[in-house]
Amino acid sequence: MPEILNRPARPQSCLPLLAASALALLMAAGAAIAQDDATDREALRERALTLVNESRQENDLSALSLGEALNEAAASHAADMAERNYYAHTSPEGDTVRDRFLDAGGSRWQLVAENIARCQACASPPTIGDVEELHEGWMDSPPHRENILARGLDRFGYGIVAQDDGLYAVQTFAGPGLPNGLQSDESAEPLAAEKQAEEALRLVNQARTRRDLAPLEWSTALGEAADAMLPALGGEEPQPGNNRDLFGSLPADARDAWRSIAMLSAQCSGCGVAPTTADIRAFRNQWLENPGYAETLRGSDVTHIGVAMRANGEGGKAATALLGTIR
């Protein structure tokens, strides 16, 4: 019986080994690999993409396109499993689908997912029929089907390796993802900057009201300073600055108005292309789950807040909040 293993669309969780009626497939060069015809590889990959997109269309989902980095990640993993005789999402050195995607030039802000399959009794070379049977097996397996039909994806990769002792196949997926915490009845409608401010203030004050704390007021100066302190979403996560840095981020004529200022920051990846209400709620909840940040957010002496968000369109988002106590 061929085996199928998958990595869910949210890569931090891992599902157990599953059995299914499917084959494995082709992709990669090397002396131990029986199939090395580029035309055949492209035909198999194109058929695999067509099958995935037909399944997505049947479920009112957008079509995927082939991605070079995903093809390379899928090919390298299929070849590595075949050559070193293991079967897992994680290599013996601990490399994951995300590592392989990044090594192939993929964006660290993208959501990445992977399905794999192995058939030790399958013959070489693989055929279109093998690709179709494998797709049917993945679609009949709920966790693999979940990857194929996931929202927030836009690209697909495929790798298949045939050897004397069987076939290995890998599907890879990537895209910007969806906002964290998006509810089933909630749309990912982008929020304009002024609406982001209104929603951030509402959600923070909601949390404060539950603790019988006075609501905060919005500060335009703190909001502008928070926006200036947002990271470019290309480097490391920003760290809270010291008071001098925070005061220095304010307009010169506004610095004397504050007795104290504190900063909260957060980033996410694979969380959609534009700021939404769900993002603001998720960032607020993330801050409340951090004891130090929660203490700041619920400070009894804090009087004002300014919040800013940024999205890079690839799946990366960042938020910064400045909380101040006015003199």
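The following dialogue goes through some features of a predicted model.

Q: How are residues numbered, and what kind of model is this?
A: Residues are numbered from 1 along each chain as its sequence is written.

Q: What percentage of the chain is made up of buried residues?
A: Buried means under 20% relative accessible area, exposed over 50%, and partly exposed in between (1.4 Å probe, protein chains only). Of the 327 residues in the chain, 52% are buried.

Q: What span does helix 9 reach from its first C-alpha to its last?
A: The expected span of a helix is 1.5 Å times one less than its number of residues. Helix 9 covers residues 277-289, which is 13 residues, and reaches 18 Å, close to the 18 Å expected. At its start, a side-chain oxygen of Thr276 comes to within 3.3 Å of the backbone nitrogen of Ala278.

Q: Which residues of helix 9 are buried, and what do they pack against?
A: The buried ones are Ala278, Asp279, Ile280, Arg281, Phe283, Arg284, Trp287 and Leu288. Contact means heavy atoms within 4.5 Å. The buried residues of helix 9 pack against helix 6 (193-209), strand 8 (258-268), helix 10 (291-297), strand 9 (304-311) and strand 10 (317-326).

Q: At what angle do the axes of helix 6 and helix 9 cross?
A: Axes are lines fitted to C-alpha atoms, for helices over the stretch in contact, and angles run from 0 to 180 degrees between N-to-C directions. The axes of helix 6 and helix 9 cross at roughly 35° and come within 10 Å. On the helix 6 side, the residues are Gln196, Glu199, Ala200, Leu203, Val204, Gln206 and Ala207; they meet Thr277, Ile280, Arg281, Arg284 and Leu288 in helix 9.

Q: Where is Pro176, and is it buried or exposed?
A: Pro176 sits in the loop between strand 6 (166-175) and helix 6. Pro176 is buried because its relative accessible area is 12%. Among the residues that Pro176 touches, not counting those up to four places away in sequence, are Gln110, Asp154 and Gly272. Pro176 and Gly272 are 96 residues apart in sequence, but 5.0 Å apart in space, C-alpha to C-alpha.

Q: Which side chain makes a polar contact with that of Glu114?
A: A polar contact is a pair of N or O atoms within 3.5 Å; within protein, one must be able to donate a hydrogen and the other to accept it, and residues adjacent in sequence count only if both atoms are side-chain atoms. The side chain of Glu114 makes such a contact with the side chain of Arg100, at 2.9 Å. Glu114 lies in strand 4 (residues 111-119), and counts as buried because its relative accessibility is 0%.

Methods:
Predicted model: local features only at pLDDT ≥ 70, side-chain atom pairs only at ≥ 80, totals over all residues. Heavy atoms only, no water. Helix = DSSP H or I, 4+ residues; strand = E, 2+ residues; numbered from the N terminus.
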